[in-house]
Amino acid sequence: MPRYLLAVTFEDGEGMPPMTEWRPEEITAHLDYYAVLHRELVASGELVDSTILTGPELAVVVTSDGAGAPVRTDGPFAESKEWIAGYQIVDVESEERAVEIAARVSAVPGVGGLPTRQPVHVRRVMDQGPADAAAMGEYLRSGS
């Protein structure tokens with residue numbers, strides 16, 4: 001079965017204020033919703049991995065030429081809303097099922113219990129098999 005990465009960024013949902021402005025009970029409802037979804041995905045056997053990441057202000061970007069010492073750049077960084085806040089990796093029957101789960105993540109409650117409509121990035125995890133390598137090579141050659 002294909003695996004998909006469902007990534008959530010620090011971008012606020014449509015019309016939703018930052019979580020720092022939410023009431024405590026709204027944050028609790030938000031986290032409780034995620035906990036229920038997490039348990040459902042574990043029970044169905046679809047959840048491979050899930051985590052929440054620290055904010056971009058604690059991030060480090062590393063670049064290296066492979067010969068010298070790595071160059072480390074500490075945060076905060078511009079456009080921190082684009083940084084990944086957390087992710088789930090699901091092993092599902094189809095892309096449609098991954099999108100269905102992503103839609104549930106996007107509908108997590110926010111202020112006033114309204115769905116946040118937070119964008120969720122859905123990306124298929126590339127297997128390490130020869131077919132995927134050949135497909136990636138063809139994709140790169142086509143310039144798509």
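Trainee: In what order do the four strands of the open sheet come, and how do they pair?
Mentor: In this predicted model, the four strands are arranged in the order S2-S5-S1-S6, and the pairing is antiparallel. Strand S2 (47-52) and S6 are at the edges with a single partner strand each, so one side of each has no neighbour in the sheet. From one strand to the next, the twist averages 15°.

Trainee: How many bridges join S1 and S5?
Mentor: Strand S1, residues 3-9, and strand S5, residues 84-91, pair in the antiparallel sense over seven bridges, and Leu6 stands opposite Gln88 in S5.

Trainee: Which strands do H1 and H2 lie across?
Mentor: Helix H1, residues 24-44, lies across S1, S2 and S5 and runs at about 160° to S2, while H2 lies across S1, S5 and S6 and runs at about 25° to S1.

Trainee: And what pattern does the protein follow along the sequence?
Mentor: Its pattern reads β-α-β-β-β-β-α-β-α, with three helices and six strands in the protein.

Trainee: Switching topic, where is Thr116, and is Thr116 buried or exposed?
Mentor: Thr116 sits in the loop between helix H2 (95-106) and strand S6 (120-124), and Thr116 counts as buried because its relative accessible area is 2%, under the 20% cut-off.

Trainee: What is Thr116 in contact with, leaving aside neighbours within four places in sequence?
Mentor: The contacts of Thr116 include Gly13, Glu14, Met16, Trp22 and His30, and also Ser106 and Pro109.

Trainee: What share of the residues count as buried in the protein?
Mentor: Of its 144 residues, 26% count as buried, and the accessible surface comes to about 9,400 Å², with 57% of that belonging to carbon and sulfur atoms.

Note on methods
Residues are numbered from 1 along each chain as its sequence is written. This is a predicted model: local features need pLDDT of at least 70, side-chain atom pairs count only at pLDDT 80 or more; totals for chains, interfaces and linings use all residues. Side-chain values use heavy atoms; hydrogens and water are left out. Helices (H or I, at least four residues) and strands (E, at least two) are DSSP runs, numbered from the N terminus. Buried means under 20% relative accessible area, exposed over 50%, partly exposed in between (1.4 Å probe, protein chains only). Accessible areas come from the Shrake-Rupley method with a 1.4 Å probe; for residues, only the protein chains shown count as cover. Contact means heavy atoms within 4.5 Å. Two strands pair if DSSP finds at least two bridges between them. Axes are lines fitted to C-alpha atoms, for helices over the stretch in contact, and angles run from 0 to 180 degrees between N-to-C directions.
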